[in-house]
Amino acid sequence: NPLHYKADILRNKKIINITDAKEMRSAKIAGLVRSVKTISTKKGSTMAFVKLVDEADEIELTVFSDVYVKSVSLLEKNKLIIADIKSERRNDDIDYIVSNIEPLEEE
């Protein structure tokens, strides 16, 4: 996993692994984009469901339209990104909502 070589960056940005993040209300995680599925909302805007993987785990993130528009260029397969997430319980499921996405490293 390419994150293995970025350990210094992850420490400096206070990023935690996905496994630990799943137990928290909010967290800053990093990972490799495995897949992006976009859908159109009822209002006609685009949002996405992003599968993100790190060295130990995988998580599905919900990226609503406002964040999607700002970060669409980062939401490509095999890109390394940082995501600020919050967990929200809905029925028996937990959704991980993204409030911000940035590149792991500036290009």
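What radius of gyration would a compact globule of 107 residues have, and what does the protein chain have? I began there, keeping in mind that this is a predicted model. With 107 residues, a compact globule would come to a radius of gyration near 13 Å, and the protein chain has 13 Å, so the value agrees with the globule rule. I then looked up the extent of the C-alpha trace, which spans about 40 × 35 × 20 Å along its principal axes. For burial I noted that 38% of the 107 residues count as buried. I also looked up the contacts between residues at least 6 apart in sequence, and found that 50% of them join residues at least 24 apart.

**Elements and sheet**

I listed three helices and five strands for the protein chain, and from the N terminus on I read their order as α-α-β-β-β-α-β-β. The five strands form a closed barrel that runs E1-E2-E3-E5-E4, with mixed pairing. In this sheet, I found neighbouring strands turned by 50° against each other on average, direction ignored.

I went through some of the pairings in turn. Strand E1 (residues 26-40) runs antiparallel to strand E2 (residues 46-53) and is joined to E2 by eight bridges, and within this pair I found Val36 opposite Val50. E1 also runs antiparallel to strand E4 (residues 80-90), with seven bridges between them, and here I noted Lys86 in E4 as the bridge partner of Ser26. Strand E3 (residues 58-63) and strand E5 (residues 93-103) run parallel and are joined by two bridges, where Thr62 stands opposite Ile97 of E5.

**The E1-E2 hairpin and Ser45**

I next turned to the hairpin of E1 and E2, which has five residues between the strands and in which Gly44 takes a positive phi near 90°. Ser45 is found in the loop between these two strands.

**Cores**

The largest nonpolar core has 21 residues, of which Ile29, Ile59, Leu61, Val63, Ile85, Val98 and Ile101 touch the most other members. I traced where this core comes from and found that helix H2 (18-21), E1, E2, E3, helix H3 (65-71), E4 and E5 each supply at least two residues. A second, separate core has six residues, among them Leu3, Ala30, Ile82 and Leu104. Returning to Val98, I listed Leu61, Thr62, Val63, Val67, Ala83, Asp84 and Ile85 as the residues Val98 touches, not counting those up to four places away in sequence.

**Lys6**

My last entry concerns Lys6, which lies in the segment before helix H1 (7-12). Which residues does Lys6 touch, not counting those up to four places away in sequence? I found Leu80, Leu104 and Glu105, and for Glu105 I noted a polar contact of 2.6 Å between its side chain and that of Lys6.

Methods:
Residues are numbered from 1 along each chain as its sequence is written. This is a predicted model: local features need pLDDT of at least 70, side-chain atom pairs count only at pLDDT 80 or more; totals for chains, interfaces and linings use all residues. Side-chain values use heavy atoms; hydrogens and water are left out. Two strands pair if DSSP finds at least two bridges between them. Helices (H or I, at least four residues) and strands (E, at least two) are DSSP runs, numbered from the N terminus. Axes are lines fitted to C-alpha atoms, for helices over the stretch in contact, and angles run from 0 to 180 degrees between N-to-C directions. A polar contact is a pair of N or O atoms within 3.5 Å; within protein, one must be able to donate a hydrogen and the other to accept it, and residues adjacent in sequence count only if both atoms are side-chain atoms. Contact means heavy atoms within 4.5 Å. A nonpolar core is a set of buried Ala, Val, Leu, Ile, Met, Phe, Trp, Tyr and Cys residues joined through side-chain atoms within 4.5 Å. Buried means under 20% relative accessible area, exposed over 50%, partly exposed in between (1.4 Å probe, protein chains only). The radius of gyration is taken over C-alpha atoms; the globule rule is 2.2 Å times the number of residues to the power 0.38.
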